[in-house]
Each structure stands twice: as structure tokens, then as C-alpha cells.
Amino acid sequence: MQEIVQLQREFFNSNISRDISFRKEQLRNLLSLLKSNEAELCEAIHTDFGKSEFETIATELEVVYKDIRKTLKHLHRWAEERRIPTNLLNFPGRSYLRSEPLGVSLIIGAWNYPYQLSLAPAVAAIAAGCTVILKPSELPARTSAIMAKLINTTFDKGFFHVIEGGVEVTTELLKQKFDKIFFTGSTRVGRIVYEAAARQLTPVTLELGGKSPAFVTHDCNLKMTVKRLIWAKFLNAGQTCIAPDYVMVDNGIKQKFLEQCVREIIKRNYSLDDQNYVQIINDANLERLSVLIDKEKVFFGGEIDVDNRSVMPTILTEISFDDAIMKDEIFGPLLPVIGYDDLDKAIQQVRSLPRPLSCYVFSKNEESREKILNEVSFGGGGVNEAVMHITNMDLPFGGVGPSGIGKYHGEAGFREFSNIKGVLSKPTWFELNLKYSPLSKTKLSWIRRFFKF
Ligand code: NAD
């Protein structure tokens, strides 16, 4: 581990990765590596937790390809020196922003979208000119192994390398000195990573989780709202960090909403043995979810196939904020539906929980939409849509406070792995002598005037 960090430091200090053409070449290499091994990548993840080829390509690999293509297209512009205005006191100087790569970076991935959540941060790091040590989640073991095999046989160890392992390996890695740590995972482990980074004053990006609400107002387009919400919730069997965790629905349409949810689930043919319905990642999570299903409150679903590690899409009703299911991120195919009479009170209830990664508003009413978007704090989200904002690489992606620190994708990712130097450059043929002694009241009054411009 130490040896690889050392190799990466030497590589970084050689300045090779500061060259934009080098970075682009590496990104092209990554793109063709993934494309030419797509079948093997799909097979690995299907073996790990039953994710279908369709979902792997649509929700993981294409997201990474898109990020790479966008980066290749715009990297020169992102990395360009940017002129900014200069204040009069510094006449005749000019000011500019220059980006530099932070250095040797550590990326720690989560299991639920193992390719996307490991490789999209790596794209940002490479774009910025950093070297990368990637530690994918150990839970999908085959997925982690194939990333290690492909990347470690393609890239220079000093530039981009995968280290596999679980808690012990990550703990050891966090003792090393990095110039940047990018972590995706739970808020609990996020704290551990943040503390370790603080010891070395290493800048971090934390992509964490939380309970992302969806508001449904009485005037929404009910059919489309339910269609989009049900897809977003049960995608990856609810194991999506930005999945709507629970729904706040106007009591006036609650019953209709619940019935429409059931119609939609039936229409989409979800079933416990469906090859396209993703499994729960492991027995521990299956057990955790089964405890959250309060049988008295099940409106639809609730069935579990223990052997197949599968939970039927489940709608729960008559839920209150005191129920166990409202205490933590659900991260599974259980959807609590909570009715409200007063939108202000509903917003206050949502605000009593830690700030979420996402928030969704389904409403035709401009005033309600504005109110929710303004008054609820969240990382990113959607109006009349859920989850899809992640596919727009121009939208910075990340959380706020307990759901995360920092944003990435596209240019935001490039900046996350860069240090932006602010530089003032002055010629030597002129000097405004006001700052030099002997100091006087006249000089001070001129300085005051100059500060106004
Ligand atoms: P996790 O926190 O259990 O694990 C994430 C990573 O941390 C793994 O690589 C794991 O090996 C490592 N790790 C686990 N315990 C550790 C410890 N004690 N010390 C050091 N490292 C440790 O998270 P997970 O189960 O893989 O993912 C689920 C969580 O991630 C959910 O909360 C979800 O919301 C969140 N998530 C967030 C995003 C995002 O983009 N914000 C994306 C996906 C998942």
C-alpha cells in the first residue's frame, strides 16, 4: 500500500499528468477498456446481486461513458486559465485563475452502483490531472475483482491502480497521506473518513446518503407522478442513494395515489423471481429490511424471498415520523406514504430530519414548487421527476451537510480534484506608492478612494 502511494507520488511529481493530452489519452483508454469488456462487466455484477444487463448499461456504464465523452470535449476549456477583473489598487496588473491537480487521490466506492460510483470520480480525478488509488466496495466481490483486473493490467501503477479489500484495507489506506480523498457511502463511514482526513488536513469529497423525500401535491399529474416515482423508487430494488425514500402526499389524493401505485407496480410486472429485478445485496441488509416491514401498515407487497434475497416492492401507509422506518435511510424497496393536510407543516416535518441528498416535488402549482424548493435544504433533485437529474452531467451532483460535502460530474468533478490558484500579475514599469512609508492622512484617504473601485 505504502509502496503504491509512494509510486503515485513520484509519478505525480514527474508532472506527466499535468499534460492535458496525457489526461485525455488516459480517459480514452478507460472508455475503450470499459466498452470492450462490457459483457464481462455485466456478467460480474449480475452474479453479485442480480443486476440485469439492461440496468447495468443504462444506469452504470452509459453514465460513465457520458461523463468521459463530456470531459474529453470540454477539458481544455475547463483547464484554461481564466481572466478575472482586477481592482484599481492593483493597476496595471491582471488577475487570473489557474487550476492545478490536487495530487495523489484516494477514491473509496460504494456497492450499490459499483461501476458508476467508482469510475465517475476516477474520471474527474484523471481530468484534473490527479493520480488515483481506487478502493471499490468489497461487497460485490466479482465486480470489485473485474475492475481491479482490467484497470491494473491497463494503467501504470503509479497513475491509476485498484486496491481491493474491506474495512481493514480501507483503515490502512486512510493512514496514508493523500492529497485528496473522495468517498461514497454511508454517513456513518463518512464520519470515519472525514476524521482520518482531518488528521492530515486532506481535502475531502463525501458523497453520503439520507432520507430523500418526494412531495406530491393535490394538483399533480397523478398518473405520470406515480409512473416516475415507482420507477425511481424500485430501480435497483430501492438501493439507490437518490431514490425517493418516502412520499409526503396531500391527504386529498392519498387514497387515489396509493391505488395508482399498486396499479403501476402490477403493470411493471415486478416479481420476486424476475431476472430484471435486482436482489438485496446481502443477508444482513435483507434482515434489516424485513424488520422495517410493519405488517399492519402494508398497503401492498411485503413478501420476501429469503433464498433469492429479494423483497417485493412494498407500499406502507399510516406511517408517522416516529416509526422505525422513518429513523434511517431505507435503502431498499419499501415506500412509506405519509399524508399531509398542510404543506407548511409537512415541510417542517421533513426539515426535522437531517438534510437529504435529494428532494422531489410533483406538482403543477408553481407556488407549492417554489415553496418546497426554497424551504427544504437538499443536495440536488427534481420537479415532476426523480433520480434522472443524475444523468445530466452539467448538474453538479452531491449532498449537503450530513448527506455530503462537495459536488461532482462534469466540470464540478474537475474542480473537486483541482486547486484553483488565484494569481495577480503586475508589470514593473509603474508603482502606486500609497502603501509605502512615510504614511500620511492624504495617502490613507487616497487608499480609501481606491478601495471603492
Ligand atoms: P458503506 O459506508 O458501508 O461503505 C462504503 C465504503 O466504505 C466501502 O468501500 C467500504 O469498504 C468502506 N468502509 C465500510 N466500513 C468502513 C470502516 N469502518 N472504515 C473504513 N471504510 C469502511 O456504504 P455502502 O453500504 O457501500 O453504501 C450505501 C450507502 O452509501 C448508503 O447510505 C447510500 O445512500 C450511500 N450512497 C451515496 C451515494 C452518493 O452519491 N451520495 C451513492 C451511493 C450510495
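Which residues in H4 meet which residues in H5? Here are my notes, with that one taken first.

1. Ground rules. This is a predicted model, where local features need pLDDT of at least 70, side-chain atom pairs count only at pLDDT 80 or more, and totals for chains, interfaces and linings use all residues. Residues are numbered from 1 along each chain as its sequence is written, and side-chain values use heavy atoms, with hydrogens and water left out.

2. H4 against H5. On the H4 side we have Thr 56, Thr 59, Glu 60, Leu 61, Val 63, Val 64, Asp 67, Ile 68, Thr 71 and Leu 75; they meet Pro 114, Tyr 115, Gln 116, Leu 119, Ala 120, Val 123 and Ala 127 in H5. Contact here means heavy atoms within 4.5 Å. By class, that contact has 11 nonpolar, 4 polar and 2 charged residues. For the classes, Ala, Val, Leu, Ile, Met, Phe, Trp, Tyr, Cys and Pro count as nonpolar, Asp, Glu, Lys and Arg as charged, and the others, Gly among them, as polar. The axes come within 9 Å and cross at roughly 5 degrees, so H4 and H5 are roughly parallel (angles under 35 degrees). Axes are lines fitted to C-alpha atoms, for helices over the stretch in contact, and angles run from 0 to 180 degrees between N-to-C directions. Helices are DSSP runs of H or I with at least four residues, strands are E runs of at least two, and both are numbered from the N terminus.

3. Thr 71. Have a look at this one in helix H4 (residues 53-79). Thr 71 is buried at 2% relative accessibility, where buried means under 20% relative accessible area, exposed over 50%, and partly exposed in between (1.4 Å probe, protein chains only). Beyond residues up to four places away in sequence, Thr 71 touches Leu 27, Trp 78, Val 123 and Ala 127.

4. H2 against H5. Helix H2 (residues 20-36) packs on helix H5 (residues 114-128) at about 155 degrees, with the axes 8 Å apart. That makes the pair roughly antiparallel (over 145 degrees). From H2, Arg 23, Gln 26, Leu 27, Leu 30 and Leu 34 meet Leu 119, Val 123, Ile 126, Ala 127 and Ala 128 in H5. The class tally for this contact is 8 nonpolar, 1 polar and 1 charged residues.

5. His 161. You'll find His 161 in strand S5 (residues 160-162), buried at a relative accessible area of 11%. Its side chain makes a polar contact of 3.3 Å with that of Asn 152. Such a contact is a pair of N or O atoms within 3.5 Å; within protein, one must be able to donate a hydrogen and the other to accept it, and residues adjacent in sequence count only if both atoms are side-chain atoms. Leaving out residues up to four places away, His 161 also touches residues including Ile 4, Gln 8 and Val 132.

6. Most residues other than glycine have a negative phi, and most peptide bonds are trans. Here, the bond from Phe 91 to Pro 92 is cis, with omega near 5 degrees, and the one from Ser 437 to Pro 438 is cis with omega near 0 degrees. Leu 201 has a positive phi, near 50 degrees, and is exposed at 74%. Asn 384 has a positive phi of about 55 degrees and is partly exposed at 24%.

Definitions and conventions. Angles under 35 degrees count as roughly parallel, over 145 as roughly antiparallel, 65 to 115 as roughly perpendicular and the rest as oblique.
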